Structure formats: structure tokens, C-alpha cells
Amino acid sequence: MLMRTDPFRELDRLAQQLVGPGTWSKPAAMAMDAYREGDEYVVAFDLPGVTADAIDIDVERNMLTVKAERRPAAKSDHVQMELSERPLGVFSRQIVLADTLDTEHIKADYDAGVLTLRIPIAERAKPRKVTIGGESTRKEISG
């Protein structure tokens, strides 16, 4: 049998029960980090316990949508659940991407429960030098 030692864990569990698990019509939020790394914009989502085939990534115009579903583990008839705190259901996050990102070349990796999206910064948005044309020859108008 497991013993609880965190007095706030019960409040978290109660709040989760009141809100309920995420559904496809009302998904729960997922934690994420976003940062720029060189010429890429990186977005990392925490999805522990989610299989890669239960993740759906869509891009429509500049809207990135990530949905995932954490399903209950298959249990035999002889298993008696003592404690269940890991949330199940559907999780979703939408992000509006800047026009300066190249949404045609997004790379997605999933490792150790973290979904990492790498979005390249578009060439037109990268800093560049502007060269000045050659000297123009001056002509005098005499008359």
C-alpha cells in the first residue's frame, strides 16, 4: 500500500476530478517550452506516457495545433488500483506562428516523453547585408 506524504497532492487530485479528464471536444492543456536556437525556433511539449501514434500535429496557415491522448494502460482482471494520479484523456495546445517561420519544413522528434518541434526561420527573416552599388559618374550640364 502507498502512503501519501504531500498535503497538497490531495488538492491537486481533487481539482483534477472536478475538471475531469480532457476530451476531444474539451482537451486539457499541456506544458511546453519555446525558444530560439540558432536559425531554428524550438517548441518542446511534455507528454509523458503518450505513445507516438497518439500524437497529432497540424499546421494550418500560421496556427500550429498539437493534440495527444494518454490512454489507460491495459490491466488484467487481477489488478486492484491503489492510487491513480496520472491524468488520462486528451491534451492540446495551439500556437500562432510568426510569418517569419518556415512552416513547410517543421521537424518533429519524440523521445523520453518530450515532443520537440524544430521550425526553421525563413530566409527572408534572417539578417543580411545590403551592398551599395558602384559610384555613379557625375555629368555636368553645360549650356
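## A walk through the strands

Leaving aside neighbours within four places in sequence, T116 is in contact with V42, V43, A44, K107, A108 and D109. T116 is found in strand β8. The residue is buried, because its relative accessible area is 18% and the limit for buried is under 20%. T116 and V43 are 73 residues apart in sequence, yet their C-alpha atoms are 5.8 Å apart in space.

The model is predicted, so a word on confidence belongs here. The protein chain averages a pLDDT of 81, and 77% of its residues score at least 70. Among the elements of the chain, β7 has the highest mean pLDDT, 97, while helix α1 (residues 9-19) has the lowest, 58.

The strand β7 is also a partner of β8. Strand β7 covers residues 107-111 and strand β8 covers residues 114-120; the two pair in the antiparallel sense over five bridges. Within this pair, K107 stands opposite R118 of β8. The two strands form a hairpin with two residues between them, and A112 takes a positive phi near 55°. A second hairpin is made by β2 and β3, again with two residues between the strands. There G38, in the turn, has a positive phi of about 65°. Strand β2 (residues 32-37) pairs with β3 in the antiparallel sense over six bridges, and D33 has A44 in β3 as its bridge partner. Strands of a sheet pair through backbone hydrogen bonds, either parallel or antiparallel.

Which strands form the open sheet, and in what order? Four strands take part, in the order β1-β6-β5-β4, and the pairing is mixed. Its edge strands are β1 (28-29) and β4 (55-60), each of which pairs on one side only. Strands β4 and β5 pair in the antiparallel sense over six bridges, and D58 has T65 in β5 as its bridge partner.

T65 is found in strand β5, which spans residues 63-70. T65 counts as buried because its relative accessibility is 14%. The side chain of T65 makes a polar contact of 3.0 Å with the side chain of Q94. Apart from residues up to four places away in sequence, T65 touches D56, I57, D58, S92, R93 and Q94.

Beyond its neighbours within four places in sequence, F45 is in contact with residues including M30, V66, I95, L115 and L117.

Charged residues supply another set of links. Side chains of opposite charge can pair when their charged atoms come close. The structure holds four salt bridges. In one of them, E37 and R118 have their closest N and O atoms 2.8 Å apart. This pair links distant parts of the chain, since E37 is in strand β2 and R118 in strand β8, 81 residues apart. E40 also forms a salt bridge with R118, at 3.2 Å between the closest N and O atoms. E40 lies in β3 and R118 in β8, so this pair ties together parts that are 78 residues apart in sequence. K107 forms a salt bridge with E40, where the closest N and O atoms are 3.8 Å apart.

E37 counts as partly exposed at 41% relative accessibility, and R118 counts as partly exposed at 25%.

Conventions
Residues are numbered from 1 along each chain as its sequence is written. This is a predicted model: local features need pLDDT of at least 70, side-chain atom pairs count only at pLDDT 80 or more; totals for chains, interfaces and linings use all residues. Side-chain values use heavy atoms; hydrogens and water are left out. Buried means under 20% relative accessible area, exposed over 50%, partly exposed in between (1.4 Å probe, protein chains only). A polar contact is a pair of N or O atoms within 3.5 Å; within protein, one must be able to donate a hydrogen and the other to accept it, and residues adjacent in sequence count only if both atoms are side-chain atoms. Contact means heavy atoms within 4.5 Å. Two strands pair if DSSP finds at least two bridges between them. pLDDT is the predictor's confidence in each residue, from 0 to 100. A salt bridge is a side-chain nitrogen of Lys or Arg within 4 Å of a carboxyl oxygen of Asp or Glu.
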